[in-house]
Amino acid sequence: MNSSQHIERAQEAGKRIHHFHGGLRLKHHKKISCQDPVERPPLPDLLIVPLLQHAGDTAEPLVHVGDRVLKGQQIGQCQPCAAIHSPVSGIVEAIEDRPMSHPSGQPGPCVVIRPDGKEQWTRLAPLTDWLNASADDLIAQMQQCGLAGLGGAVFPTHAKTRDGRERKTHTLILNGVECEPYISCDEMLMREQPDKIILGARILRRALGAERVVIAIEDQMGIVQQALTGSDEFAQSENITVVKVPAIYPEGGERQLIQVLTGLEVPAGGRPSDLGLVCQNVATSAAVADAVTAGKPLIERYVTVTGNGISHPRNFKALFGTPVSHLVDCCSGYTKDVARLVVGGPMMGYPLKSDDAPVVKASNCVLALSRQDIEEPQAEMPCIRCGECARVCPATLLPQQLHLQITNDLWKDVESYGLSACIECGCCDYVCPSHIPLVDWFRFGKGELRKRARENEAAELARKRFEEREARLIRIKQERAEKMQRRKQLLKDKALQQDRIKASIQRAENKTRARAKDPGEAQDGGQSHDS
Amino acid sequence: MTRSFDVSGAPHMPPQTTVAKVMLQVLLALVPGVLAYTWFFGPGILIQIILASVFALLFEFLMLRMRGRPLKPFINDYSAVVTAVLFALCIPPLAPWWISCIAMMFAIVFAKHLYGGLGQNVFNPAMVAYVVALISFPQAMTSWLPPLALAEQSLGLVDSLSVILTGQVPLAGGWDVISQATPLDTLKTGVEAGRMLPEIRNTPLFGDFGGKGWEWIANWFAVGGIFLLYKRIISWQVPVAVIGSVVLVSLPFWLADPDSNPLPLQHVFSGAIVLAAFFIATDPVTGCVSNRGRLIFGAGVGIITLIIRRWGGYPDGVAFAVLLMNMAAPLIDRYTRPRMYGE
């Protein structure tokens, strides 16, 4: 199939359900956090807003310690990342390194704000007439409002939309497939705010220049489907379809979802936009609606607080910067046997050292696990090459071989066996009878590959520089030799001329002398001199 | 109030299974076949299984000690027991005890631990053990028993034990009374002597397809194998390729000359083909990793076995075939890497 046939097939997205390789059917554990309606927790005493919330660089703070900030005021800027805004009105108490919610577990620069309780908004600038606004204006509004993918990858929305527009997107896929166990924030959002999600989808579709919207949800989300298709916004819209897909982890992964909806694979090293597709999370779509029609920057999100380590699991609409401990307190605290705190789901989430880390754009779930949930760590055994990992790998890799290659420093093989295609979903890790922490190894391997690529690049650069210098030196030497040659020639010529002059003078003198003796010959001498 | 937690990488869920559970399920799957074996050939096999297991665990213990490895996880992984049971199933039920001892030493010390222990061995330890014993002690390794139904005299548990430990048969006439060539042996010597196949098969030693008793043991091994398939301990590619290649390759020979070439199903139900298809060639450590690779590996085992049976010096060739394919496995893996997502 060539690329135009691919795009033709991609335009059929959602009309038939396909399969992806491997994956796991996991217990959902979602109902426990879906019992109560979503509420805003009371304001915490302090909000800690990290300046690093996206893929990319840390933002520059735009405020100083002691400044009064308004709710929604921009407090961090980072080109070309998304902006960061104050979630409350209050006083900036500090700008310092604090524990962050970040996979690295390292503290980073945060703006610490003490709310004044007045909840005074900054002046908002909505694009009320968005139907007539240009795509550029819509994209600029997304950047100004700090929008980023709320599914967990936090890729800046404006950048994704601009790329999608430039590469002629025909279909927008809204990802409502929350395939990790325990997490239910997207489900609750779809139940409670279907209008906003569909409005956001229409705005995104316009900004992308796309024709269709496909909203993908899991097959067990019956209520969600009713909510979405029963909403007023849905009734007024055209070319929006809601598609149920079977709940197999990691179907919520962008590449797997595209495979399920179209039967196509995103080319290795490519992006969904190669197929004319753009994926956005449903929560991002709702945030787009808020940003464009109300001018509201992204300062809060739905967060699931759940797990057997939480007394009363539920979903919150939490401001960024709210400490995790505050949310847990609002769920009546931990249970007695809480053992581990995780941001994200049990398959891909990262552990928190302490619960004073804040909620950020990427925090979809706070999961407190009890001792029974995680079990004692067991001894790691050698790989017996049983191949379960390869059977469940959604990227159709051979994890057992990659592990062997990484541990034996066979980096060329690691590359050719496609480590970079690994999505770190954790399926291989979960099924491994030898309990090898495969995903940890693969993260390490990816880092090592990047490092080696950088080193190679540096070595290549150094080699080039050396060769250029060699060439330059040879050239200079050659030039110098030529110059010397010319100079020598010049001197030789000069000497020759001098000789000639001397000879002429000699002749002239001879002539004068001769004339003095015999004036009759003088004419001949003069002629010869002229010649 | 802030609270601290231990950190550990994802996934944050208890692991689904362990190496020990995998090995135990393999042992469990062998039970029906072993019971059938006992039913047809007497209790000798049970003694051999126990003997081999004890020696295997002993050498495993010594090697772990010498290599400074933790004892508990590796003794408890049952991999040495699986090796021992598979070996015991390949030797004559009344083979002397020291065969187990020497063979298990080769399996555990040389084939397993000198290559780096569990998961690192290139060759299937049970097959290394069997081949070492077969080549070194051909007489002891070929003194097979007839099925109980055909035996003039048979031995009970205590007598069997005494034969295994002392080598003395407590019956008038000694070994000659109780031992008999295997069906495959009879077949080979018969064909070589120029006799027609239907004539050879017309002895009580043969059943419907393979040897009497043997074919039923093979059936029960297949039942255990299907259990392993169901539990996804093994993948379908290896057994299908082994049995499929045996049938497909022997079919044209049989069609061309049914008088001197056995029926394909006779090949399948004779000797160790079924045991190998489900339990030996499926050893993940020494086999191939990709599905295509497993098909090639299994087909290789089947075809080499047929070649040895037809033209080789031994009546059966499964062990040699498995070891030869073990050697080829890394190369097969290299050329059968599955297509990656998006590639």
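Hi everyone, let's start with a sheet in chain A: three strands form an open sheet in the order β2-β4-β5, and their pairing is antiparallel. Which strands sit at the edges of this sheet? They are β2, covering residues 60-61, and β5, covering 84-85, and each of them pairs on one side only. Please keep in mind as we go that this is a predicted model.

Let's look at how β2 of chain A is held to its neighbour. Strand β4 of chain A spans residues 74-77, and two bridges join β2(A) to β4(A), with the two running antiparallel. If you'd like a pair to find on screen, take E60(A), whose bridge partner in β4(A) is Q77(A).

A quick reminder for anyone new to this: strands in a sheet pair through backbone hydrogen bonds, and the pairing can be parallel or antiparallel.

Now over to β7 of chain A, residues 107-115. Strand β1 of chain A, residues 47-50, pairs with β7(A) in the antiparallel sense over four bridges. There, I48(A) stands opposite V112(A) of β7(A). Strand β6 of chain A, residues 90-99, also runs antiparallel to β7(A), and nine bridges join these two.

Finally, the meeting of the two chains. How many residues does each chain bring to the contact? Chain A brings 56 residues and chain B brings 38. On the side of chain B that touches chain A, helix α1 of chain B, residues 19-41, gives the most, with three residues. Sorted by class, that side of chain B has 17 nonpolar, 14 polar and seven charged residues.

Definitions and conventions
Residues are numbered from 1 along each chain as its sequence is written. Chains are lettered from A and ligands numbered from 1 in the order in which they are written. This is a predicted model: local features need pLDDT of at least 70, side-chain atom pairs count only at pLDDT 80 or more; totals for chains, interfaces and linings use all residues. Two strands pair if DSSP finds at least two bridges between them. Two residues are in contact if their C-beta atoms, placed from the backbone, lie within 7 Å. Ala, Val, Leu, Ile, Met, Phe, Trp, Tyr, Cys and Pro count as nonpolar, Asp, Glu, Lys and Arg as charged, and the others, Gly among them, as polar.
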